[in-house]
Amino acid sequence: MPQASPGISNYQSIFDDALVAYKEKTGTDLTSDPLLRKLKVCNSPDDIIVLLRKRAQSDSIKWTKWLKPIVTVLDASSKIISLINSVRQGIRTHSSGVCS
């Protein structure tokens with residue numbers, strides 16, 4: 001089984017902490033929400049946008065114009081975190097002692 005990159009595991013822990021904080025503030029456990037389960041199987045930002053647009057239409061929510069920018073920023077942030085963690089990991093494992 002392939003191991004998750006350091007960025008993915010860091011992102012997951014941030015997400016898990018946010019779920020706990022949300023539950024503490026609202027009393028609502030989002031992990032049992034059907035929308036969250038559907039979001040977990042999305043493979044791309046476009047998949048997420050399509051899913052949220054469908055949800056917004058069914059709920060008559062007028063914020064769909066914000067979906068693409070929000071999802072795009074979140075996706076880019078996740079990739080940047082992953083890249084930073086990969087670079088940090090590479091620096092730790094390939095340190096030549098020059099910057100020590």
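Trainee: Before we look around, what counts as a helix here?

Mentor: Helices are DSSP runs of H or I with at least four residues, numbered from the N terminus. Keep in mind that this is a predicted model.

Trainee: How much of the protein counts as buried?

Mentor: Of its 100 residues, 14% count as buried. As for the surface, the protein exposes about 8000 Å², and carbon and sulfur atoms supply 60% of that.

Trainee: Which residues make up the largest nonpolar core?

Mentor: There are six residues in it: Leu 35, Cys 42, Ile 49, Leu 51, Leu 52 and Val 71. Helix H3, residues 45-59, gives the largest share of this core, with three residues.

Trainee: Let's zoom in on Leu 51. What is it in contact with, leaving aside neighbours within four places in sequence?

Mentor: Leu 51 is in contact with Leu 35, Lys 38, Leu 39 and Cys 42. Leu 35 and Cys 42 also belong to the largest nonpolar core, along with Leu 51 itself.

Trainee: And across the protein, what share of contacts with a separation of 6 or more comes from residues 24 or more positions apart?

Mentor: Those residues account for 25% of such contacts.

Trainee: Switching topic: how many salt bridges does a search of the whole structure find?

Mentor: The search finds one. The side chains of Lys 79 and Asp 75 meet in a salt bridge, at 3.1 Å from N to O.

Trainee: Where do those two lie?

Mentor: Both Lys 79 and Asp 75 are in helix H4, four residues apart, which is about one turn of the helix.

Trainee: Are they buried or exposed?

Mentor: Lys 79 counts as exposed because its relative accessibility is 53%, and the cut-off for exposed is over 50%. Asp 75 is partly exposed, with a relative accessible area of 24%.

Trainee: Last one: which residues make the nonpolar surface patch?

Mentor: Leu 83, Val 87 and Ile 91 make a patch of about 300 Å². Ile 91 lies in helix H4, which covers residues 67-93.

Trainee: Why does Ile 91 count as exposed?

Mentor: Ile 91 counts as exposed because its relative accessibility is 55%, against that cut-off of over 50%.

Terms used
Residues are numbered from 1 along each chain as its sequence is written. This is a predicted model: local features need pLDDT of at least 70, side-chain atom pairs count only at pLDDT 80 or more; totals for chains, interfaces and linings use all residues. Side-chain values use heavy atoms; hydrogens and water are left out. Buried means under 20% relative accessible area, exposed over 50%, partly exposed in between (1.4 Å probe, protein chains only). Contact means heavy atoms within 4.5 Å. Accessible areas come from the Shrake-Rupley method with a 1.4 Å probe; for residues, only the protein chains shown count as cover. Patches are made of residues with over 30% relative accessible area and no salt bridge: like charges are joined within 9 Å, nonpolar side chains (Val, Leu, Ile, Met, Phe, Trp, Tyr) within 5 Å. A salt bridge is a side-chain nitrogen of Lys or Arg within 4 Å of a carboxyl oxygen of Asp or Glu. A nonpolar core is a set of buried Ala, Val, Leu, Ile, Met, Phe, Trp, Tyr and Cys residues joined through side-chain atoms within 4.5 Å.
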